[in-house]
Amino acid sequence: MNGRYVAVTIGVLALVAVPYATKEIYYVNIASQILLFAIFALGLSVLVGYGGLVSLGHAGLFGIASYAVAYLLAAGHGHAIAIVTGLVIALLVTAAFAVLSLRSTGISFIMITLALGEIIWGLAYRWISVTDGDNGINVAARPEPFGLPLASAAGFYYATFCVFLLAVAAAAIFVRSPLGAALRGTRDQPRRLNALGYHVWMIRFWACLFSGLLTAVAGILFVYYNQFISPQTLALTSSAEALLMVISGGAGTLLGPIIGAALLVVVKNVVSAYIERWNFMLGAIFVLIVIFMPEGLVPGTARLWRMGWRSLHGRRKVAPADSPGAMQ
């Protein structure tokens, strides 16, 4: 346990030092992207990893929160009202999503969430009076919480970092709570849990709401990061990318979605500047992960580390028995 706490402390300190480690605004912005997409992936991982419910419609929830904030700001409302209203609207839409999609599981659940996400994407394109269609909505300025300006890359990064820490803490509390344990039970033995008197549907419903909350928070950070939102953000590719973050990093872990988000954002924004066929490279990476670490990068790395440690420890125990002194 001490080693885990040390690793977490080192990781947090490394994230704090990012704006000081590089003076290039571009890389600070990349770090902000990693953190906000990590929150998005954490929200999806609650359903995929702990609930066994694969969603392809989370980009719709992500975009709903972004559009709500952008629309209210464009209408002249303050940042606080826009953010709170955006969260409430996203939670209401998430509740509607859950009521419709939790009628089934497995492939049926995936297809329902896919259809609902596509409906929201279509509304973003066609409801021009609200979304302005292809032109999108611009956000004039970022908020200044407690008088701290977020206009600079470093300022926005630290604000995103604080929200990221809160999101990770909330996710850790959730998955370690009785509700989180019950959610894992609905994933592994839903019939047995139902026979024991648990309300399986309600457990999944609350998990969907928590997942939608984290997704909405990420969507709000996204619209402030870009200061712009368009229907492209709600496309199926966004949901697929979030799902790849979760699967590649390790579903059912807290660190996995974060590592998956870092991998995807870095390849998409940094490596693509040097490698023209970066899509092929990204696909090859995911194929290798699925073949050699089907559980994801974080659990797979931990497994290989344990295997190596046991092998090394075993050799150390055998060595004295094979030595000349041991034979006498």
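These legends accompany a set of close-up views of a predicted model.

**View 1. Helix α3 packs against helix α11.** Here we look at two helices side by side: α3, covering residues 25-50, and α11, covering residues 200-226. Their axes lie 7 Å apart, and the packing angle is about 165°. That angle is over 145 degrees, so α3 counts as roughly antiparallel to α11. As for handedness, α3 passes α11 in a left-handed crossing. While you are at α11, look for alanine 207, which belongs to this helix. With a relative accessibility of 0%, alanine 207 counts as buried.

**View 2. Helix α3 also meets helix α13.** The partner in this view is α13, made of residues 255-269. The axes of α3 and α13 come within 8 Å of each other and cross at roughly 135°. This makes α3 oblique to α13. The crossing of this pair is right-handed, whereas α3 passes α11 in a left-handed one.

**View 3. A nonpolar patch sits on the surface.** Four residues make up the patch: Tyr26, Tyr27, Tyr274 and Ile275.

View 4. The side chains of glutamate 241 and lysine 268 meet here, with 3.0 Å from N to O. Glutamate 241 is in helix α12 (residues 236-249) and lysine 268 is in helix α13, so the pair ties together parts that are 27 residues apart in sequence. Are these two side chains buried, exposed or partly exposed? Glutamate 241 counts as partly exposed, at 24% relative accessibility. Lysine 268 is partly exposed too, with a value of 35%. Side chains of opposite charge can pair when their charged atoms come close.

**View 5. Arginine 187 pairs with aspartate 188.** This view shows a salt bridge between the side chains of arginine 187 and aspartate 188, at 2.9 Å from N to O. Arginine 187 has a relative accessibility of 34%, and so counts as partly exposed. For aspartate 188 the value is 47%, which also puts this residue in the partly exposed class.

**View 6. Glutamate 295 pairs with arginine 303.** The closest N and O atoms of this salt bridge are 2.6 Å apart. Glutamate 295 is partly exposed, at 28% relative accessibility. Arginine 303, at 26%, is partly exposed as well. How many salt bridges does the count come to? The count is three, and this pair is one of them.

**View 7. Aspartate 132 has a positive phi.** Most residues other than glycine have a negative phi. In this view, phi of aspartate 132 is near 65°, a positive value. Where is aspartate 132 placed? The residue lies in the loop between α7 (128-131) and β1 (137-138). Its relative accessibility of 35% makes aspartate 132 partly exposed.

**View 8. Glutamine 227 has a positive phi as well.** For glutamine 227, a residue other than glycine, phi is near 55°. Glutamine 227 is found in the loop between α11 and β2, the latter covering 228-229. With a relative accessible area of 25%, glutamine 227 is partly exposed.

**View 9. Alanine 115 and leucine 56 are separated in sequence by 59 residues.** In space, the C-alpha atoms of alanine 115 and leucine 56 are 8.5 Å apart. Alanine 115 belongs to helix α6, which covers residues 106-126. This alanine is partly exposed, with a relative accessible area of 39%.

**View 10. Alanine 207 and tryptophan 309 are 37 Å apart in space.** That distance runs from C-alpha to C-alpha. In sequence, alanine 207 and tryptophan 309 are 102 residues apart. Alanine 207 is the residue of helix α11 pointed out in the opening view, where its 0% relative accessibility made it count as buried.

Terms used: Residues numbered from 1 in each chain as written. Predicted model: local features only at pLDDT ≥ 70, side-chain atom pairs only at ≥ 80, totals over all residues. Heavy atoms only, no water. Patch = residues over 30% accessible without salt bridge, like charges linked within 9 Å, V, L, I, M, F, W, Y side chains within 5 Å. Areas by Shrake-Rupley, 256 points an atom, 1.4 Å probe, with all protein chains shown as cover. Axes fitted to C-alpha atoms, helices over the stretch in contact; angles between N-to-C directions. Helix = DSSP H or I, 4+ residues; strand = E, 2+ residues; numbered from the N terminus. Parallel < 35°, antiparallel > 145°, perpendicular 65-115°, else oblique. Left-handed = near helix turned anticlockwise from the far one by under 90°. Buried < 20%, exposed > 50% of the residue type's maximum accessible area, 1.4 Å probe, protein only.
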